[in-house]
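Subject: Handover of a structure and its findings

Dear colleague,

Please find below the structure that I am handing over to you. I would be grateful if you kept it open while reading the notes that come after it.

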Amino acid sequence: MIQAEVERNLLGGEVKYTREQVSEISGIPLERAQRLWVAMGFAVDTDPGAPMFTDADVDALRSITSLVDRGIIDPDLEVSVTRALGQSFSRLAEWQLGLLNSHIVDRVHSHGQDTPVDVHAVAAEATLVAEQMLPTLERLQSYVWRRHLASNAARFFDSRGADVDHRNLVIGFADMVGYTSLTRRLDITELTELLEFFESTVTNVISQNHGWVIKNVGDEVLFAVEDPAAAARIALALQDAAQATEELPNLRVGLARGEVLVRFGDVYGSVVNIAARLTSSARPGTVLVDTNLAEALETVPDLQLRSLRTLRVRGFSRLRAYALRNG
């Protein structure tokens with residue numbers, strides 16, 4: 001009952017079309033429509049005659065295919081772009097639904113364990129919250145998205161027509177030391193507070209020094225920076241922030257510089273792998289950098305680089321590393 005009410009409100013319309021009807025109405029071949037639907041992260045009902053689509057779904061499929069039809073994106077990238085969009089919003093929807101779910105759970109618990117729950121009242125309350133929440137979240141999403149477009153556009157325009165998919169960047173990792181053992185000692189609330197503090201701290205340091213977060217994965221953050229000196233300042237500032245508070249454990253930080261493949265907001269290539277290996281090899285509270293970055297930092301004042309013994313790590317038999325410190 002509650003789920004049906006919320007779903008009806010979120011979808012903004014009645015589920016009434018089968019896959020064949022969507023194909024006919026939209027003018028998109030069935031195979032192409034199904035491929036895009038799955039790429040967005042949604043399952044296709046095994047019953048071909050089952051209604052599962054709305055008018056909004058038809059409009060969305062038309063919008064996606066129009067990007068190709070108007071020559072905005074290459075036909076070969078249609079599925080990849082759709083998949084990236086679906087994965088990004090899937091994660092966003094996961095925590096946003098948590099906001100709604102928390103309210104519903106609180107509403108149910110407010111009846112007390114011995115009091116029967118008025119399902120209709122709770123469903124009505126959930127629908128009301130969804131109606132109030134959706135417009136605000138949509139406005140915020142549009143604002144943040146446009147703001148990030150404006151911020152990222154400056155970096156792309158500075159490339160002066162270069163291939164923006166292959167870029168020369170500094171890639172960095174920072175991870176919390178002893179995270180696995182911490183998870184065994186902390187309860188869920190404490191773990192949530194730790195991750196929130198870690199993510200907010202590293203995001204603030206990275207953003208303030210003109211870098212950007214690629215992604216957070218549990219105890220680790222992956223970030224990118226264009227300027228080598230800024231990357232060094234970020235790494236050292238992350239260590240300073242961790243050591244200045246008891247809220248965070250020690251960090252390991254690794255940096256590597258070179259050409260990377262930038263694809264749908266993520267980064268790939270040997271530079272990424274080198275940064276990861278340096279991070280895992282670093283001692284708690286230290287920063288390791290590769291040869292390319294060390295050479296770029298040689299003339300930067302107030303920085304010290306100390307050559308270390310060659311590292312033997314997975315995928316790299318002789319990896320040169322340098323310890324980075326404030327001068």
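This is a predicted model: local features need pLDDT of at least 70, side-chain atom pairs count only at pLDDT 80 or more; totals for chains, interfaces and linings use all residues.

Residues are numbered from 1 along each chain as its sequence is written, and side-chain values use heavy atoms, with hydrogens and water left out.

The chain

The protein chain has eleven helices and ten strands; helices (H or I, at least four residues) and strands (E, at least two) are DSSP runs, numbered from the N terminus. Of its 327 residues, 37% are buried, where buried means under 20% relative accessible area with a 1.4 Å probe and protein chains only. Among contacts (heavy atoms within 4.5 Å) with a separation of 6 or more, 66% are between residues 24 or more positions apart.

The nonpolar cores

A nonpolar core is a set of buried Ala, Val, Leu, Ile, Met, Phe, Trp, Tyr and Cys residues joined through side-chain atoms within 4.5 Å. The largest has 37 residues, of which Met176, Phe223, Leu238, Leu255, Val287, Val289 and Leu324 touch the most other members. Helix α9 (residues 228–243) gives this core its largest share, nine residues. Beyond four places in sequence, the contacts of leucine 324 include Ala232, Leu236, Val287 and Val289. Another core, of 23 residues, lies apart from the largest one and has Val260, Val271, Ala275 and Ala323 among its members.

Pocket and cavity

Both kinds of space are found on a 1 Å grid over the protein atoms alone: a cavity is a set of points where a 1.4 Å probe fits but cannot get out, a pocket is an open set with protein on both sides within 12 Å along at least five of seven lines, and lining residues have an atom within 4 Å of a point. Grid points are joined across faces, edges and corners, and a volume is the space filled by probe spheres set on the points.

The second largest pocket has a volume of about 330 Å³. It is lined by 15 residues, and Arg283, Leu288, Arg306, Leu308 and Ala323 are the closest to its centre. Strand β10 provides the largest share of that lining, three residues.

The structure holds one cavity of 30 Å³ or more, and the volume of the largest cavity is about 60 Å³. Its lining consists of Arg19, Val22, Leu30, Ala33, Gln34, Trp37, Val44, Phe53 and Leu61. Four of these residues, the largest share, come from α3.

Two single residues

Serine 26 lies in helix α2 (residues 19–26). It counts as buried because its relative accessibility is 14%. A polar atom of its side chain lies 2.7 Å from the backbone oxygen of valine 22 and 3.5 Å from that of serine 23. Beyond four places in sequence, serine 26 touches Val58 and Arg62.

Asparagine 209 is in the loop between α8 (188–208) and β2 (211–217). Leaving aside residues within four places in sequence, asparagine 209 is in contact with Ala230, Arg233 and Ile234.

With kind regards

Technical notes. Buried means under 20% relative accessible area, exposed over 50%, partly exposed in between (1.4 Å probe, protein chains only). A polar contact is a pair of N or O atoms within 3.5 Å; within protein, one must be able to donate a hydrogen and the other to accept it, and residues adjacent in sequence count only if both atoms are side-chain atoms.
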